[in-house]
There are 2 protein chains.
Amino acid sequence: MKLSKSTHYALHTMLHLTLSHAEGHTSVSKLAGHQQVSTTYLSKILTKLVKAGLIVSVPGANGGYKLKANWKETTLLDVIQAVEGLPPIFDYCEDHNPSCIIQQSIQKAEKNFLEELGTMKIADLAEDARNVPHH
Amino acid sequence: MKLSKSTHYALHTMLHLTLSHAEGHTSVSKLAGHQQVSTTYLSKILTKLVKAGLIVSVPGANGGYKLKANWKETTLLDVIQAVEGLPPIFDYCEDHNPSCIIQQSIQKAEKNFLEELGTMKIADLAEDARNVPHH
DNA sequence: GCTATTATAGACACACATTATCTATAATAG
DNA sequence: CTATTATAGATAATGTGTGTCTATAATAGC
């Protein structure tokens, strides 16, 4: 019951891309330089974000990654689900018994949890980070 | 980012012990009979619940497990933390940077999530289950 | 066109936690 | 004393996350 390292890399990359959004494309090697992660591995993670439509990639010289058009709407939930996958984050029961009272209770709490993450926009977090820089 | 099978077994066992609380001790073999799990494995899980003080064990003939004294106060969170362990449920960052804006945001949502699970008492769920039985 | 640069994809390997099983030991009731 | 029951240790299987290596495709600049 924890977020993977991949999600960690993805979230910090998104924050970085948001902070340096005005500068155009950024290559994987630069993005990996800010974290302890290899370029090939981070590349795989970013490809998930591309397929989820959160960022845009351009191959070739001077290429790299940048945020999608309406990047200000991207939330923590978007990134987490793009990396971890959509279906049941809290995969509590595999027997998916809809009448299971425990399942119902946990899913209720899960729903609220995900909804809260869905209100946290990375653009807002980046704005806060600008005031108290640490990256 | 999911609850383990062990937690699944623990929660259902707790629900069962709550429903049959008036009948005294219940052996592991009976408890395991209700789920697809071996007695030795379930035993290890229940030992965690014993050490967490959620249930009481009595060895020997006619022994088994029963709920602790003030069993009506036990919540889903108690059981989950007894099995999964207390420290950071959502172990997002290992670099625990307290100034990390992402860390702060996720931990805020996590706190609300855990607090909600802490309000869900198994005794209440058992009461609901009695009205709509399915176990 | 040629070359350097960059993203993408596949195969593969490794570490680690979860999920078990088996066996032995301790404690209790009758 | 015996059957029953919980506890603990050693061990194995399984799967997922993590990571590397190599090859391929696409783009910019010359």
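## Surface near DNA strand C

Four elements each supply at least two residues of the surface near DNA strand C: α3 (39-51) and β2 (64-67) of chain A, and α1 (5-19) and α3 (39-51) of chain B. Helices (H or I, at least four residues) and strands (E, at least two) are DSSP runs, numbered from the N terminus. The model is predicted; local features need pLDDT of at least 70, side-chain atom pairs count only at pLDDT 80 or more, and totals for chains, interfaces and linings use all residues. Residues are numbered from 1 along each chain as its sequence is written, while chains are lettered from A and ligands numbered from 1 in the order in which they are written.

With five residues, α3(A) gives the most to this surface. Among the 25 residues around DNA strand C, those that come nearest are Ser57(A), Ser4(B), Lys5(B), Ser38(B) and Gly60(B); a residue is near if its C-beta atom, placed from the backbone, lies within 6 Å.

## Hairpin in chain B

Gly60(B) also belongs to the hairpin of β1(B) and β2(B), where it takes a positive phi near 90°. Five residues lie between the strands. Strands β1 (residues 55-58) and β2 (residues 64-67) of chain B pair in the antiparallel sense over four bridges, pairing being at least two bridges found by DSSP. Val56(B) stands opposite Lys66(B).

## Helix crossing in chain A

The axes (lines fitted to C-alpha atoms, for helices over the stretch in contact, with angles from 0 to 180 degrees between N-to-C directions) of α1(A) and α6 (residues 122-131) of chain A come within 9 Å and cross at roughly 70°. The two helices are therefore roughly perpendicular, a term for angles of 65 to 115 degrees.

Technical notes
Parallel < 35°, antiparallel > 145°, perpendicular 65-115°, else oblique.
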